Amino acid sequence: MSESTNQSWGGRFSEPTDAFVARFTASVDFDQRMAQHDIQGSIAHATMLAGVGVLSEEERDVIIVGLKEISEEIAQGEFEWSVALEDVHMNIEARLTAKIGITGKKLHTGRSRNDQVATDIRLYLRDEIDAIDAELTRLREGMLGLAEQEADTIMPGFTHLQSAQPVTFGHHLLAWQEMVARDQDRLRDCRVRMNVLPLGAAALAGTTFPIDRHVTSELLGFDRPTENSLDSVSDRDFAIEFTSFASLLMMHLSRMSEELVLWTSAQFDFIDLPDRFCTGSSIMPQKKNPDVPELVRGKTGRVYGHLMSLLTLMKSQPLAYNKDNQEDKEPLFDTIDTVRGSLRAFADMIPAIRAKSDNMYASASKGFATATDLADYLVRKGVAFRDAHEIVGKSVAFGIEQQRDLSEMTLAELQQFSDTIEQDVFDVLTLEGSVAARNHIGGTAPNQVRAAVQRARDALASRA
């Protein structure tokens with residue numbers, strides 16, 4: 001190594017890197033969060049090198065002991081990070097060499113920082129995916145528990161944010177659960193595709209040393225080694241795919257957040273959120289603001305931005321590795337942090353929601369929510385649907401004029417629009433009758449809601 005520079009690559013340079021350039025190009029301030037995964041990868045690499053005879057068993061053991069000591073230093077906050085050493089990889093390698101001497105310099109045999117960082121990111125992201133997957137499960141379990149509890153709680157269902165047909169709160173919560181279930185499937189699919197080992201691709205063309213990538217892959221828990229060295233060091237599809245998953249998840253959480261914000265307002269007053277998930281106003285003492293869902297709703301745009309950033313980063317990049325790819329980490333890391341925080345907040349908050357069932361019921365009673373049920377009733381009596389639609393429309397117009405719901409009209413009043421209507425019409429004009437009548441898979445009937453809860457729980461258990 002040249003004495004004129006601190007970098008590992010300084011041999012061909014005649015002057016040290018400018019101090020500003022050193023700071024500008026360094027990544028250690030943010031990539032040090034991958035330190036334990038870097039050490040994990042290095043231990044596996046050293047183990048493999050000893051297995052193929054590139055390192056002696058003694059050298060392997062000295063390296064592993066040194067790496068484990070460094071791991072403990074990092075965990076205890078005693079490790080001194082240096083911007084001059086650029087990144088997490090060189091900081092750890094320099095510390096290892098300082099601890100065990102020239103043997104530490106042998107660790108990098110048969111690899112490059114290009115395949116090393118590609119491996120570290122996958123190891124790090126894989127652990128984060130597993131943690132996020134556990135939070136998604138916790139959120140789904142909370143939704144299912146509340147849905148079962150509120151299977152009979154009637155509320156209005158909306159289209160265009162106008163009262164449409166009655167549903168139950170439990171049924172609505174199961175719609176949220178379906179969104180999150182798809183997100184969890186996408187996350188698990190992403191994990192499968194990213195769980196391949198790039199280590200061994202070296203800088204871009206592989207290595208002349210007799211490495212055994214299958215051994216390293218097995219030691220690190222990957223499904224297999226990657227197939228092409230050029231693609232191995234330059235691929236960031238997995239980061240983009242993860243951020244795409246995160247964008248969809250945050251979009252779903254933002255939709256839920258919007259409903260929570262509406263439902264806690266005085267105008268709806270459908271639910272109550274515990275005080276611990278809300279804040280007050282600095283000037284209006286009566287205020288209880290739903291800050292958690294509002295903030296999650298706002299953070300959605302942040303994650304969308306990271307997805308666009310990564311897509312733009314990789315646009316038009318020639319093979320193989322380019323320094324541009326150092327910019328992959330901050331958007332990815334912030335996406336991970338944002339998703340984990342948002343999921344923790346939701347998983348804690350959802351089971352604590354208290355439904356104001358009387359308010360929900362009263363709201364569902366407005367807006368002629370059982371109009372479609374009346375139309376269906378007429379069709380079952382032999383009236384053509386288009387005719388039934390017109391009959392009900394006239395009935396609703398009369399109700400608006402009289403300021404009464406369909407269920408509040410007399411039989412004689414209803415019969416002025418169709419003599420097909422009989423006394424049994426009132427069985428379908430009640431909210432309870434309307435909800436119970438949709439007694440099919442995916443329907444609003446309380447027994448169907450409970451059955452759907454059980455199916456979702458079984459599906460969760462089968463994939464635990």
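The buried residues of helix 11 pack against helix 10 (237-264) and helix 12 (329-349); buried means under 20% relative accessible area with a 1.4 Å probe, protein chains only, and helices are DSSP runs of H or I with at least four residues, numbered from the N terminus. This is a predicted model, in which local features need pLDDT of at least 70, side-chain atom pairs count only at pLDDT 80 or more, and totals for chains, interfaces and linings use all residues. Residues are numbered from 1 along each chain as its sequence is written, and side-chain values use heavy atoms, with hydrogens and water left out.

Among the buried residues of helix 11 are Val296, Thr300, Val303 and Leu307. An α-helix has 3.6 residues a turn, so residues three or four places apart point the same way. Just after helix 11, Ser316 has a positive phi of about 70 degrees.

The table gives helix spans; the expected span is 1.5 Å times one less than the number of residues.

| Helix | Residues | Span between end C-alpha atoms | Expected span |
|---|---|---|---|
| Helix 11 | 24 residues | 35 Å | 34 Å |

Because 15 of its 21 residues are buried, helix 12 is largely enclosed by the rest of the structure.

Asp115 belongs to helix 6 (residues 113-149). Asp115 is buried but has no salt bridge, and Arg111, the nearest side chain of opposite charge, is 6.2 Å away; a salt bridge requires a side-chain nitrogen of Lys or Arg within 4 Å of a carboxyl oxygen of Asp or Glu. Polar atoms of the Asp115 side chain lie 2.8 Å from the backbone nitrogen of Ser112 and 2.9 Å from that of Ala202.

Definitions and conventions:
Helix = DSSP H or I, 4+ residues; strand = E, 2+ residues; numbered from the N terminus. Buried < 20%, exposed > 50% of the residue type's maximum accessible area, 1.4 Å probe, protein only. Lys, Arg positive; Asp, Glu negative; His and termini not counted. Polar contact = N/O pair within 3.5 Å; in protein donor to acceptor, adjacent residues only side chain to side chain. Contact = heavy atoms within 4.5 Å.
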